[in-house]
Amino acid sequence: GARETFENYYRKQRRKQARLVLQPPSNMHETLDGYRKYFNQIVGFFVVEDHILHTTQGLVNRAYIDELWEMALSKTIAALRTHSSYCSDPGLVLDLKNLIVLFADTLQGYGFPVNQLFDMLLEIQDQYSETLLKKWSGVFRNILDSDNYSPIPVTNEDVYKKIVGQFPFQDAELEKQPFPKKFPFSEFVPKVYNQIKEFIYACLKFSEDLHLSSTEVDDMIRKSTNLLLTRTLSNCLQNVIKRKNVGLTELVQIIINTTHLEKSCKFLEEFITNITNVLPETVHTTKLYGTTTFKDARHAAEEEIYTNLNQKIDQFLQLADYDWMAMEPGSKASDYLVDLIGFLRSTFAVFTHLPGDVDVHSTMSGKVAQTACMSACKHLSTSLMQLLLEAEVRQLTLGALQQFNLDVEECERKAQKPP
């Protein structure tokens, strides 16, 4: 006969139990099982309450359950925010997302509002994207570190088809050539291209079951892919270019590789369109502006070539040992200068022996070679002038000037016969 007292007692006890159930274990983020137990406890609690609501008279009512659910929802979301932020493994974040979707769908089946959980999943999605970018940073680093920076040789039709299957490349001239032949790019081109596609698949996995429209999924994938190109891949490429021991041939190969990757971006656009079925013309479609990544890398590689050359010229010039008081000039150009010109000639030969399809080869390496040649000549002439004007040089004999003149004439002669 103490119905009211019992109802109050029951509700008070259940609130306390709810608080216990909602307290996550401290190491919950370490395994999927930790999350699973936590969710199961909460589902169990509310399934029992729902059952009591429908099978008893007045022991609990809708308002009481809704109020409990409000509290549970805010505590669950706070716990998930904290624990998921510790997670650095994209695989675990993906499994957690699938668990949260099951959890939300189950409780929605019992009539509980779960929109906030789906909103929170969009936050976790950003974090998933970050963990993916970290993972792919390592993937790209390994690819670039293990590359040999020389064109891929092909000995037979099968190898040729395999590479063309991995990377969208068409060149009628190269197809006509007999085997063995070479692709213009090195291994890292098809490998990087395929890893970008793998990343796109990984992004797509998260958006499944989130009740998102295809436009939202498309937008999310494109935004993440842009970050992958402009931030992750860009940093990896810049690090390779700025490496201490990177040589001229490698830099030239990077210029060729990035040109091919830039051309392939339109195929990546199509790849995303095929997955999401959202046409690029659709309003709000994010463009892949990652192509700038490859342009920037190419310009950095070009700058590095010019800087490297100038540093090498400086090393030769340190060997210049003019006797400014010489009575007679020598009979030929100075040794250091003859060596320097020999070095420049063999350096520019690297550009002329570049492999690859005619248009890319002639326009790109040709342009870089011309600019490098101009920049080297300019640097050399300024540096020679500097030698004459140094403060230590107080006096000059005609003999010394004639020797210096022999060297300048040697430079002119070589400049008139460019490679």
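**A tour of the model**

Modeller: Happy to! Let's begin with a helix pair: helix 5 (residues 115-146) packs against helix 9 (residues 214-241) at an angle of about 35°, and their axes are 9 Å apart. Keep in mind that this is a predicted model.

Biologist: Which hand does the crossing of helix 5 and helix 9 have, left or right?

Modeller: Helix 5 crosses helix 9 in the right-handed sense.

Biologist: And which residues meet there?

Modeller: From helix 5, the residues include Leu133, Trp136, Phe140 and Leu144. From helix 9, they include Leu227, Leu228, Leu237 and Val240. Ser129 and Arg141 in helix 5 are also among them, as are Ser224 and Arg231 in helix 9. Across this contact there are eleven nonpolar, five polar and three charged residues.

Biologist: Changing topic: how is the chain divided into domains?

Modeller: The domain assignment gives domain 1 (3-112), domain 2 (130-300) and domain 3 (319-416).

Biologist: What separation do the centres of domain 2 and domain 3 have?

Modeller: Taken over C-alpha atoms, those centres are 40 Å apart.

Biologist: Let's look at some charged residues. Where is Glu49, and is it buried or exposed?

Modeller: Glu49 sits in helix 2 (residues 32-55). Glu49 counts as buried because its relative accessible area is 0%.

Biologist: What does Glu49 touch?

Modeller: Leaving out residues up to four places away in sequence, Glu49 touches Tyr10, Arg14, Val60, Tyr64, Ile65 and Leu68. Take Val60: eleven residues separate it from Glu49 along the chain, and their C-alpha atoms are 7.8 Å apart.

Biologist: What about Glu7, buried or exposed?

Modeller: Glu7 is buried, at 14% relative accessibility. You'll find Glu7 in helix 1 (residues 3-21). Setting aside neighbours within four places in sequence, Glu7 is in contact with Gln57, Gly58 and Leu59.

Biologist: And Glu304? Where is that found, and what is it in contact with?

Modeller: Glu304 is in helix 11 (residues 291-317). Apart from neighbours within four places in sequence, its contacts are Ile241, Lys242 and Leu251. Glu304 also counts as buried, because its relative accessibility is 14%.

Biologist: While we're in helix 11, tell me about Asn310. Buried or exposed?

Modeller: Asn310 is in helix 11, and at 18% relative accessibility it counts as buried, since the cut-off is under 20%.

Biologist: Where is Gly290?

Modeller: Gly290 lies in the loop between helix 10 (248-276) and helix 11. Gly290 is buried, with 0% relative accessibility. Beyond neighbours within four places in sequence, Gly290 is in contact with Asn226, Leu229 and Thr230.

Biologist: Now for the backbone. What should I have in mind as the usual case?

Modeller: Most residues other than glycine have a negative phi, and most peptide bonds are trans.

Biologist: Which residues join through a cis peptide bond here?

Modeller: Phe179 and Pro180 do, with omega about -10°. Pro180 is in the loop between helix 7 (172-176) and strand 2 (181-182).

Biologist: What is phi for Tyr149, and where does that residue lie?

Modeller: Phi of Tyr149 is near 50°, a positive value in a residue other than glycine. Tyr149 lies in the loop between helix 5 and strand 1 (153-154), and it is buried, with a relative accessible area of 9%.

Biologist: And His211, buried or exposed?

Modeller: His211 is exposed, with a relative accessible area of 58%. His211 has a positive phi too, near 55°, and is found in the loop between helix 8 and helix 9. Just after helix 8, Asp209 takes a positive phi of about 65°.

Biologist: Last one: what length does helix 8 reach?

Modeller: Helix 8 (residues 188-207) has 20 residues and reaches 29 Å from its first C-alpha to its last, close to the 28 Å expected at 1.5 Å a residue.

Note on methods
Residues numbered from 1 in each chain as written. Predicted model: local features only at pLDDT ≥ 70, side-chain atom pairs only at ≥ 80, totals over all residues. Heavy atoms only, no water. Axes fitted to C-alpha atoms, helices over the stretch in contact; angles between N-to-C directions. Helix = DSSP H or I, 4+ residues; strand = E, 2+ residues; numbered from the N terminus. Left-handed = near helix turned anticlockwise from the far one by under 90°. Contact = heavy atoms within 4.5 Å. Nonpolar A, V, L, I, M, F, W, Y, C, P; charged D, E, K, R; others polar. Expected span 1.5 Å × (residues − 1). Buried < 20%, exposed > 50% of the residue type's maximum accessible area, 1.4 Å probe, protein only. Domains from an automatic or database assignment.
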